[in-house]
Amino acid sequence: MSAYTWPTSQMLAVNRFGPIEAEIHLVVLTWPHANEPTGSAVEAAVTQQGVSAALGRDDVAVTFLGPIDPPAPGATRFVLPCDLLTWCRYAHIAGPANQVEFSYNSNSTGGSPAARRADACLVTLIDLRPDAVVSLHGDVGGTAPYLYAPTPEPTLEASLQPFGDLESLDVDWTDVLGPRTLRYFPSSAIGLTGSEAFGTCVPKHLRCPVVTLELPMFDWSTAPEARLPIHDAVGRWIADGGAEGGDRAALLAYVERALADRAVMMVPSESTAAIGITFLNAIANQVGTTRPRSAN
């Protein structure tokens, strides 16, 4: 049975599953942010079943790389899965300037901790020579899976259709490439300079597809009208510095009022794993039929 689990170490781990001579090698990034455990459910499913049984094929190897941006040393590690209020009370995430996601190719002297982790991630990805890279994120206000990518991905979008309808993507920080796909945006789009975002940096260094899969993290069926206001409140808290500078007390007070004693629980890990496994199959199919592959 799959499960959400905390990373066992701050160190970047490389865990490969599947045949050594597999035709297709997928690399999956987990814990891209310190408050997004969705990738751990997908990794747990592959760990428990084996890649052949999980994906139903013998031509794919999957390497899990992470944690990319782990919880800070000493941060409270609460029980997973959790409810939304617990997540808001304890989740650790840095402000955007200190997130690995936006710290690639940093020019700062010596490099910040986030920049050093970004450098390590990029070097490891290059060494792994993947046929595709999938970064597994969790969207606190999401209701269905969607993508970030450099180009339109209609085939990959189609694989996500069975997992719920998605409201029209309407954002002001990047382009909409398809019904379920947003374009990767540079760090400068959120006011950061001197570094690059994962989605604009990594594809320049790898000759393979690089996509981010955003997975819904909570089941909002008990409080549907509170979803977007709380999503916006969490976004403002992160923009203000998150666990390093945001007003957590104000966030908690707002969320408590909006929920009015209703519990919003995490999406079951089995459901998250099912989306992730389906998507890995879809991108393996796409790589195997339409894209040139690197030699592993």
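How do the residues of the lining of the largest pocket divide into nonpolar, polar and charged? The lining has 23 nonpolar, 13 polar and eight charged residues; Ala, Val, Leu, Ile, Met, Phe, Trp, Tyr, Cys and Pro count as nonpolar, Asp, Glu, Lys and Arg as charged, and the others, Gly among them, as polar.

The model is predicted: local features need pLDDT of at least 70, side-chain atom pairs count only at pLDDT 80 or more, and totals for chains, interfaces and linings use all residues. Residues are numbered from 1 along each chain as its sequence is written, and side-chain values use heavy atoms, with hydrogens and water left out.

Select D139, Y146, Y148, W173 and H231, the closest to the centre of the largest pocket among its 44 lining residues. The volume of this pocket is about 1,300 Å³. Next, select helix 7 (227-239), which gives the largest share of the lining, eight residues. Helices (H or I, at least four residues) and strands (E, at least two) are DSSP runs, numbered from the N terminus.

**Stop two: helix 6.** Select residues 198-205; F198, G199, C201 and V202 are buried there (under 20% relative accessible area, 1.4 Å probe, protein chains only). Seen down the helix axis, the buried residues of helix 6 fall within an arc of 165°, so they line one face; the arc is that of the directions from the axis to the C-beta atoms. Show strand 2 (24-29) and helix 4 (113-128) too, which are among the elements that cover these buried residues (contact means heavy atoms within 4.5 Å).

Methods:
Buried means under 20% relative accessible area, exposed over 50%, partly exposed in between (1.4 Å probe, protein chains only). On a 1 Å grid over the protein atoms alone, a cavity is a set of points where a 1.4 Å probe fits but cannot get out, and a pocket is an open set with protein on both sides within 12 Å along at least five of seven lines; lining residues have an atom within 4 Å of a point. Grid points are joined across faces, edges and corners, and a volume is the space filled by probe spheres set on the points.
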